[in-house]
Amino acid sequence: MDIDFARGTALLKAMGDETRTRIVHILSCGELCACDILDYFDLTQPTLSHHLTILVDAGLVIARPEGKWTYYRLNAEMFSFLGRFIKDVSLESDKCLCKKTGRNCK
C-alpha cells in the first residue's frame, strides 16, 4: 500500500494550530461538550466552534449532538492512521519513494 500523502498532510494541517492541538489533548481524556472545552480557553464560543469544525471536517474529532449540546470525542481510527503516516514518511521502509524508483535510501 502506498503512502496517502494527501490525507496525511490534511490531518497534519488540521493539527497545525496550537489551539486545535490543545483541544485534541483535552479530548484525550474523553468525550466533552463544547461548553466544557471552552472552560480551558480564553476564546469566544464562535472561535472555539471554528477550531472544532476544522478538527471534525478533518476526521480527527467526532461530533455527537445530544439535545441542545454537541459532544466531541477523538476519532481513534484517524489518530491511528496519523501515527502510521508519520512513521511511514519519517522512517525507511518498503514504502519509501526512493525504493520504488530503484534509488538507494541512504
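Modeller: A salt bridge is counted when a side-chain nitrogen of Lys or Arg lies within 4 Å of a carboxyl oxygen of Asp or Glu. This is a predicted model, in which local features need pLDDT of at least 70 and side-chain atom pairs count only at pLDDT 80 or more, while totals for chains, interfaces and linings use all residues. Residues are numbered from 1 along each chain as its sequence is written, and side-chain values use heavy atoms, with hydrogens and water left out.

Colleague: How many salt bridges does the structure hold?

Modeller: Side chains of opposite charge can pair when their charged atoms come close. Here there are three salt bridges, and one of them joins the side chains of Glu18 and Arg22, with 2.8 Å from N to O. Both residues belong to helix H2, four residues apart, about one turn of the helix; helices (DSSP runs of H or I, at least four residues) and strands (runs of E, at least two) are numbered from the N terminus.

Colleague: Is Glu18 buried or exposed?

Modeller: The scale is relative accessible area, found with a 1.4 Å probe on protein chains only: buried means under 20%, exposed over 50%, and partly exposed in between. Glu18, at 55%, therefore counts as exposed, whereas Arg22 is partly exposed at 46%.

Colleague: Which residues are linked in a network of salt bridges?

Modeller: Glu31, Arg64 and Glu66 form such a network. Glu31 pairs with Arg64, their closest N and O atoms being 2.6 Å apart. This pair links distant parts of the chain, since Glu31 sits in the loop between H2 and E1 and Arg64 in strand E2, 33 residues apart. Arg64 also meets Glu66 in a salt bridge, with 2.5 Å from N to O. Glu31 is partly exposed at 33%, Arg64 is partly exposed at 30%, and Glu66 is partly exposed at 42%.

Colleague: What is the order of the strands in the sheet?

Modeller: Two strands pair if DSSP finds at least two bridges between them. In this model, three strands make an open sheet in the order E1-E3-E2, with antiparallel pairing. Strand E1 (32-33) and strand E2 (61-66) stand at the edges, each with a single partner strand, so one side of each has no neighbour in the sheet. Six bridges join E2 to the antiparallel strand E3 (residues 69-74), and Val61 has Leu74 of E3 as its bridge partner. Helix H2 (residues 18-27) packs on the sheet and touches E1, E2 and E3, its direction making about 90° with that of E3. Contact here means heavy atoms within 4.5 Å, and the angle, on a scale from 0 to 180 degrees, lies between N-to-C directions of axes fitted to C-alpha atoms, for helices over the stretch in contact.

Colleague: Which residues of H1 are buried?

Modeller: An α-helix has 3.6 residues a turn, so residues three or four places apart point the same way. In H1, the buried residues are Gly8, Leu11, Ala14 and Met15. They cover an arc of only 125° around the axis, which puts them on the same side of H1; the arc is that of the directions from the helix axis to the C-beta atoms. Ala6 and Lys13, on the other side of H1, are exposed. The buried residues of this helix pack against H2, H4 and H5.
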